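I opened my notebook for a look through this one, and here is what I looked up along the way. Have the viewer open beside you as you read.

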Amino acid sequence: MELFFAQLLTGLANAATLFLVASGLSLIFGVTRIVNFAHGSFYMLGAFIGYSLMQVLPGMFGFWLSVLLAGLAVGVIGVIVEILVLRPVYKAPELFQLVATFGVILVIQDVALYLWGADDVLGPRAPGLKGIVRIMGEPVPKYDLALIAITPFFLFGLWYLISKTRIGILVRAATQDREMVGALGVNQAWLFTGVFFLGATLAGLGGAIQLPKGGADLLMDFNILAAIFVVVVIGGMGSLPGAYVAAALISILNVFGVTFLPQSTLVLMFVVMAVVLMIKPYGLFGREEVAGEHGQVGEPERPIKPAGLKVRLLVAAGLLLLALLPVFGSDFSQVLTSDVIIFCLFAASLHFILGLGGLVSFGHAAFFGGGAYVAALLVSHVDAPMEIAFLLAPIGAGFAAFIIGWLCMRLTGVYFAMLTLAFAQLIWSLVYQWGEFTGGDDGLVDIWPSAWLNGTTPYYYFTLVFGIGGILLLRHAAHSPFGYALRASRDSSRQAEATGINTKRIQWAAFTFAGSLAGLSGALFVFSKGSVFPTELEIARSFDALIVIFLGGVKTLSGAVVGGASLEYAKDFLTRFEYWRLTLGLIIIFVVIVAPEGISGTLRKVAERFGIIRQREGES
Amino acid sequence: MNHILEVRNLSKSFHGLRAVHEVNFDVSEGELLALIGPNGAGKSTCFNMLMGQLKPTAGEVYFQGENLVGKYPRDIWRKGIGRTFQITATYSSMTVVENVQMALMSFHRRIYSMLPYAHKMYKKEALTFLEMVGLASQAERHCAILAYGDLKRLELAIALCHNPTLLLMDEPTAGMAPTERESVMQLTADIVREKNISVLFTEHDMDVVFGHAHRILVLNRGELIANGSVDDIRNNPVVQEVYLGGGNLFESDKAAS
């Protein structure tokens with residue numbers, strides 16, 4: 001009982017940081033509709049800046065002043081990011097901004113590396129709150145009690161700001177209808193900037209306030225990212241009390257998880273989120289989003305036509321060039337090109353559901369890594385021949401997509417995205433922790449192709465056939481009745497349902513189809529590397545595909561392939577340099593600002609302007 | 001005359017608010033039946049219940065003898081009921097003709113097919129439907145750039161794809177210029193006469209209603225207050241009070257309560 005109570009207190013203390021950071025994220029999303037991936041980076045900056053300030057500001061007063069100043073400093077950084085990076089892309093398609101924030105993550109990572117070094121920083125203990133207090137015989141740090149006491153004030157302060165003040169009214173109005181608020185004479189640009197300031201400040205405060213408990217390191221940006229998204233979704237988008245309850249729930253469960261069921265810690269919050277979303281699809285305190293029939297954001301997508309003769313010849317020439325690569329290229333160029341093709345297939349499979357179906361999945365890596373693991377497990381446990389394992393990989397991944405799709409289909413929008421993320425994390429932690437079966441962190445090694453495919457060149461051709469084949473299959477499916485029905489379900493589910501199309505079932509089928517093709521790319525991957533590790537199932541892998549689709553152009557069929565190839569080759573080149581993240585981040589931000597319709601979307605427009613390709617009547 | 005649709009005691013409450021209360025009416029074969037009433041009378045609620053978008057609190061809807069209550073919109077569509085929307089709903093990423101082809105693919109149960117090229121399927125058939133509504137010359141245009149009136153025509157073409165026996169049209173001329181209203185309504189009347197389709201439509205424009213409806217139903221505060229020919233309704237004092245009574249209506253209510 002004593003231990004129970006002490007752990008409850010620890011959980012509540014941990015909730016302080018989580019709540020601060022998550023409420024900032026929730027505010028920013030609510031008003032600007034931007035999924036701010038860089039929020040974890042703001043949190044990390046808060047910790048580092050707070051640490052540096054605490055070195056120069058002594059005493060109890062200095063400590064709390066440092067926390068406050070760190071928060072404000074991060075708020076200012078948030079404003080800079082908003083003005084420089086996000087303002088130019090507000091008019092871009094929905095979710096495009098997340099690519100920009102992804103670029104910001106990379107930049108901040110390298111800046112932090114440069115300024116504070118690669119070593120973890122131990123946070124100073126709070127002056128005046130260094131000791132412990134015994135509660136029912138159990139030691140509880142004084143600082144924890146201070147955090148527990150402070151958090152409700154933050155909650156109340158925020159709640160007051162949002163519910164009672166004029167600024168709060170504007171923020172809430174903007175959350176419900178941005179355009180209307182703009183029409184009523186509110187300067188939206190500054191409202192957005194203000195909200196970004198507030199959100200970033202909260203993240204910075206969260207980072208600084210947890211210093212005595214956790215210190216600062218360069219991984220903390222990604223480490224908290226998943227958790228704060230989970231908190232926001234469980235609590236219900238835009239609900240402050242919801243964020244607090246969810247933060248407390250997650251933190252407390254985590255503390256108990258560590259004690260009683262250590263292997264559960266990686267996945268616990270995702271299980272909670274999955275359960276909550278399946279019972280309450282809009283989170284604990286969230287309300288159903290009245291989406292109305294606004295249709296697509298920005299310029300409507302254009303009609304598609306199968307490629308004409310010219311383009312076909314061009315593609316054929318490109319394929320011929322790829323086929324001749326072993327003749328004039330090095331082994332390394334073949335390996336690199338294989339990697340690119342595999343990644344392009346993976347991205348193209350996500351594009352099928354994201355671009356054509358409008359279903360944003362944050363967990364597509366589950367099917368890429370899933371396919372790889374199915375093949376690897378078959379080879380290492382039952383000694384399956386490579387051909388059988390290769391064939392069963394897409395089927396296995398497709399089956400996983402079938403089940404997960406069925407569970408996620410009743411949700412929409414961001415909630416759908418988060419539930420797919422939750423299931424992907426579930427699979428990841430299962431693989432990670434079931435060591436004796438999956439090899440855990442050590443992965444599965446020695447997964448090589450059959451003798452007839454041995455060597456770089458044979459496997460390169462194998463990849464070429466199945467990788468390009470898969471991409472062409474996806475492309476053809478887009479032009480088939482199935483692809484049309486998928487687009488119809490996205491364009492107007494009202495009309496589709498009223499003319500006999502079961503939109504949810506079409507989307508479910510597309511999800512399964514895309515999952516199995518991601519599995520195919522995973523199978524190609526595992527036999528080319530000879531091994532697979534849990535990293536292939538990680539969130540970062542899912543985001544890679546997401547990023548390149550937007551970089552390439554979500555509203556063009558070739559977007560995923562163009563974006564995938566560009567990013568992979570750029571990465572290969574840049575990773576030779578020390579501060580490659582900074583460079584890559586800046587390039588991504590640059591592309592996002594210059595080419596808000598993605599690389600292929602913008603190229604198309606340029607080509608149209610100069611009359612290289614014919615423009616359809618009435619389009620601009 | 002045969003009744004193709006029979007509505008019996010249809011009711012819907014939202015948290016105790018009686019939006020539609022025990023409404024009864026029939027639609028006869030080949031009939032153009034107008035459902036009118038002031039804003040908030042329950043017209044759209046009625047419509048959404050007929051199309052399966054809303055589940056009635058009580059009552060039945062029989063289409064050719066079969067109860068439709070509890071069925072999905074897509075299943076009701078398959079039985080031979082077409083609909084158009086008050087706020088147009090079309091596939092903005094497709095061309096005009098592809099919008100119609102999509103409905104035809106669905107009608108022929110080909111939407112899960114992955115082999116053929118969709119843009120070639122049922123194109124001729126789709127063009128005849130576009131011809132019918134006067135959109136043939138715009139068949140290859142991007143649907144997103146169509147004028148509003150043309151979108152309404154396109155919806156009509158889509159709704160005709162599965163050779164319906166009954167059309168439900170929710171404010172078919174809303175948001176149109178007066179001359180265009182007349183031409184769209186005349187077009188609709190001609191098509192349904194030729195194909196012997198019955199139509200139930202809601203409408204605010206009395207010129208359209210009196211000019212084309214064979215019979216009129218008047219809904220007020222969720223209850224059917226009149227049902228009769230154009231002349232009956234025009235001279236009905238209760239209907240006049242509802243439409244022209246203005247503040248009077250609310251005064252008399254206060255007195256009653």
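I began in chain B, where B:N9 has its place in strand β1 (residues 3-14) of chain B. This is a predicted model, so I read each entry as a property of the prediction. I looked up the backbone of B:N9 and found phi near 50°, a positive value in a residue other than glycine. I noted it since most residues other than glycine have a negative phi. Is B:N9 buried or exposed? I counted 12 other C-beta atoms within 10 Å, so B:N9 is exposed, the limit for that class being 12 or fewer.

I then turned to B:N196, where phi is near 55°, again a positive value in a residue other than glycine. Where does B:N196 sit? I found B:N196 in the loop between α6 (178-195) and β8 (198-202) of chain B. B:N196 has 9 C-beta neighbours inside 10 Å and therefore counts as exposed.

**A stop at B:R234**

My next entry is B:R234, which lies in helix α8 (residues 230-234) of chain B. I found 13 C-beta neighbours inside 10 Å, so B:R234 counts as partly exposed.

**Where chain B touches chain A**

I looked up the contact between the chains and found 37 residues from chain B and 35 residues from chain A. Which elements of chain B give two or more residues to the side that touches chain A? They are α2 (73-78) and α3 (96-107) of chain B. The largest share of that side comes from α3(B), with 6 residues. By class, I wrote down 23 nonpolar, 8 polar and 6 charged residues for the side of chain B that touches chain A.

**Domains of chain A**

I moved to chain A, where the domain assignment gives domain 1 (2-219) and domain 2 (342-542). How far apart do the C-alpha centres of domain 1 and domain 2 of chain A lie? I noted 35 Å for that separation.

I took helix α3 (residues 59-86) and helix α8 (residues 188-209) of chain A, which pack at an angle of about 140°, with their axes 7 Å apart. That angle makes α3(A) oblique to α8(A), since the roughly antiparallel class covers angles over 145 degrees. The crossing of α3(A) and α8(A) is right-handed. Their contact has 16 nonpolar, 8 polar and 1 charged residues.

I then took helix α15 (residues 365-382) and helix α22 (residues 503-529) of chain A, which pack at about 55° with axes 6 Å apart. That angle makes α15(A) oblique to α22(A). I noted that α15(A) passes α22(A) in a right-handed crossing. Which residues make the contact? On α15(A) they include A:G369, A:G370, A:G371 and A:A372, and on α22(A) they include A:G515, A:A518, A:G519 and A:G522. Phenylalanines take part too, among them A:F367 and A:F368 of α15(A) and A:F525 of α22(A). By class, the contact of α15(A) with α22(A) has 11 nonpolar, 7 polar and no charged residues.

Notes:
Residues are numbered from 1 along each chain as its sequence is written. Chains are lettered from A and ligands numbered from 1 in the order in which they are written. This is a predicted model: local features need pLDDT of at least 70, side-chain atom pairs count only at pLDDT 80 or more; totals for chains, interfaces and linings use all residues. Axes are lines fitted to C-alpha atoms, for helices over the stretch in contact, and angles run from 0 to 180 degrees between N-to-C directions. Helices (H or I, at least four residues) and strands (E, at least two) are DSSP runs, numbered from the N terminus. Angles under 35 degrees count as roughly parallel, over 145 as roughly antiparallel, 65 to 115 as roughly perpendicular and the rest as oblique. A crossing is left-handed if the near helix is turned anticlockwise from the far one by less than a right angle, and right-handed if clockwise. Two residues are in contact if their C-beta atoms, placed from the backbone, lie within 7 Å. Ala, Val, Leu, Ile, Met, Phe, Trp, Tyr, Cys and Pro count as nonpolar, Asp, Glu, Lys and Arg as charged, and the others, Gly among them, as polar. Domain bounds come from an automatic or database domain assignment. A residue is buried if 20 or more other C-beta atoms lie within 10 Å of its own, exposed if 12 or fewer, and partly exposed in between; C-beta atoms are placed from the backbone.
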